[in-house]
Amino acid sequence: MGNLSIPPLAELRKRRSAKWRTFPDDVLPLPVAEMDFPLAEPVAKALHEAVDRSDTGYAAPTRDLAEAVSNYARRTWDWRIDAADVHTVADVGIGVVEVLRRIVSAGDRVVISPPVYEPFSWWVREVGAHVVEAPLADGPLEWRLDLDALERAFADHATAYVLCNPHNPIGLVHRREDLVAVAKLAEKYGVYVLSDEIHAPLVLPGAEFVPFLSVSDEARRWGFAFLSASKGWNLAGLKAATVVTADPAPKRYVDRLSPHSLYRTGHLGVIATVAAFNDGDQWLANVLDVLDHNRGLLDDLLVKLLPGVHYRQPQSGFLAWIDFRELGWGDDPTEHILTTARVALNAGHRYGSAGIGFARLNFGCSPQTLTEAITRIAAAS
Ligand SMILES: Cc1ncc(COP(=O)(O)O)c(C=O)c1O
């Protein structure tokens with residue numbers, strides 16, 4: 001397993017972030033998507049140096065971030081991005097909302113594929129559009145994009161599709177052929193595709209991330225990609241992300257984003273993100289080792305301690321999608337788990353009706369914490 005010294009719980013509880021301040025100290029918090037690992041050393045060094053310089057002003061209009069993203073994409077996924085096509089925004093949510101504002105009008109239809117990261121529907125509603133659901137297909141062995149459902153939704157006057165690539169909360173890494181098919185549908189029906197690729201650096205052994213904009217000319221004509229180091233290197237509080245295009249047609253909308261968007265981005269976020277993308281490969285490899293171990297450990301623990309619970313190991317990230325329905329803990333099993341086991345998880349129904357009876361668990365923690373969480377839940381069952 002990877003070479004990371006994960007702080008003990010007593011240290012983690014000193015953190016001031018949402019994960020550690022939302023619940024009382026007797027609760028083991030495994031919900032919000034923050035990881036427990038120490039910061040990557042190059043990131044910590046860049047931040048310490050900035051603080052030592054009192055360098056806490058506005059983000060500068062340089063190409064450092066665009067070049068770091070472009071170099072990372074080429075090195076990691078063999079994906080060529082022109083740094084001139086990388087636009088800085090404060091976070092992925094703001095990037096998606098601001099792009100949507102420029103491509104949809106009030107009352108337009110925007111498609112999502114539940115179960116999916118809950119804020120997707122908030123973002124669509126924030127711009128006055130209607131959410132249209134084209135749920136994932138849940139096959140006997142694996143989840144997939146449901147191309148027929150997507151075609152029906154696109155054909156029914158959709159303006160945009162917010163794709164989660166890889167897909168939170170399932171940890172699904174979409175297949176190239178599915179992304180090619182989505183791009184064809186986008187061109188056929190004139191639907192913009194906003195591909196949220198925030199989890200891409202966290203793809204685990206056995207799967208291969210395919211950037212949406214890399215799959216075809218149709219994808220480039222209709223697509224926007226959103227890249228950030230905030231999940232991979234745990235930088236969510238620092239506020240820096242990017243919107244990437246690869247064709248003049250979508251780029252003209254990005255060019256219309258407020259010139260002020262750079263100044264709304266965290267300067268320390270840009271500093272940390274540049275360090276992560278340029279110098280964070282080794283740390284990330286160690287994290288992926290721990291996550292790879294933890295996804296299997298979770299499987300073993302559930303089989304041994306909580307038979308009746310169903311879980312398929314994710315292909316990416318640190319989020320597990322767990323089916324508690326057979327245990328009879330109701331539509332929202334997290335209530336029972338929080339009350340009786342003092343373990344906090346995210347309620348599955350918040351990701352769409354397919355999540356009723358499910359919960360999302362964050363295994364971006366030490367194997368000891370994960371073991372304790374499942375042991376507590378089993379003891380309370
Ligand atoms: C798919 C997805 N998109 C976006 C975000 C949030 O990103 P940001 O904080 O950059 O808006 C998350 C956070 O967990 C996520 O899982």
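**Fold and ligand site of the predicted model**

The chain has 14 helices and 15 strands (DSSP runs numbered from the N terminus, with helices being H or I of at least four residues and strands E of at least two). Its radius of gyration is 20 Å, close to the 21 Å given by the globule rule for 381 residues, so the chain is as compact as a globular protein of that length. The radius is taken over C-alpha atoms, and the rule is 2.2 Å times the number of residues to the power 0.38. Along the principal axes, the C-alpha atoms fill a box of roughly 55 × 55 × 35 Å.

The model is predicted: local features need pLDDT of at least 70, side-chain atom pairs count only at pLDDT 80 or more, and totals for chains, interfaces and linings use all residues. Residues are numbered from 1 along each chain as its sequence is written, and side-chain values use heavy atoms, without hydrogens and water.

The space taken by the ligand is the largest pocket. A pocket is an open set of points on a 1 Å grid over the protein atoms alone, with protein on both sides within 12 Å along at least five of seven lines. A molecule sits in a pocket if more than half of its atoms lie within 2 Å of its grid points. Ala33, Asp91, Val92, Gly93, Tyr117, Trp123, Cys164, Asn168, Asp196, Ile198, His199 and Lys231 surround the ligand (a heavy atom within 4 Å). This shell divides into six nonpolar, three polar and three charged residues. Here Asp, Glu, Lys and Arg count as charged; Ala, Val, Leu, Ile, Met, Phe, Trp, Tyr, Cys and Pro as nonpolar; the others, Gly among them, as polar.

Polar contacts are pairs of N or O atoms within 3.5 Å. A polar side-chain atom of Asp196 lies 2.5 Å from a ligand nitrogen. For His199, a side-chain N or O atom is 2.7 Å from a ligand oxygen. Lys231 places a polar side-chain atom 3.1 Å from an oxygen atom of the ligand. Taken alone, the ligand exposes 400 Å², and the protein buries 92% of that (Shrake-Rupley method, 1.4 Å probe).

Some backbone features fall in loops. Pro114 and Pro115 are joined by a cis peptide bond, with omega about 0°. Pro115 lies between strand 3 (109-112) and helix 6 (119-126). The bond from Asn165 to Pro166 is also cis, with omega near 0°. The loop holding Pro166 runs between strand 7 (158-164) and helix 8 (176-189). Asn234 is not a glycine, yet has a positive phi of about 60°. Its loop lies between strand 9 (223-227) and strand 10 (241-244). Lys239 lies in the loop between strand 9 and strand 10, with a positive phi of about 65°.

Key
Polar contact = N/O pair within 3.5 Å; in protein donor to acceptor, adjacent residues only side chain to side chain. 1 Å grid on protein atoms, 1.4 Å probe; cavity = no way out; pocket = protein on both sides within 12 Å on 5 of 7 lines; lining within 4 Å.
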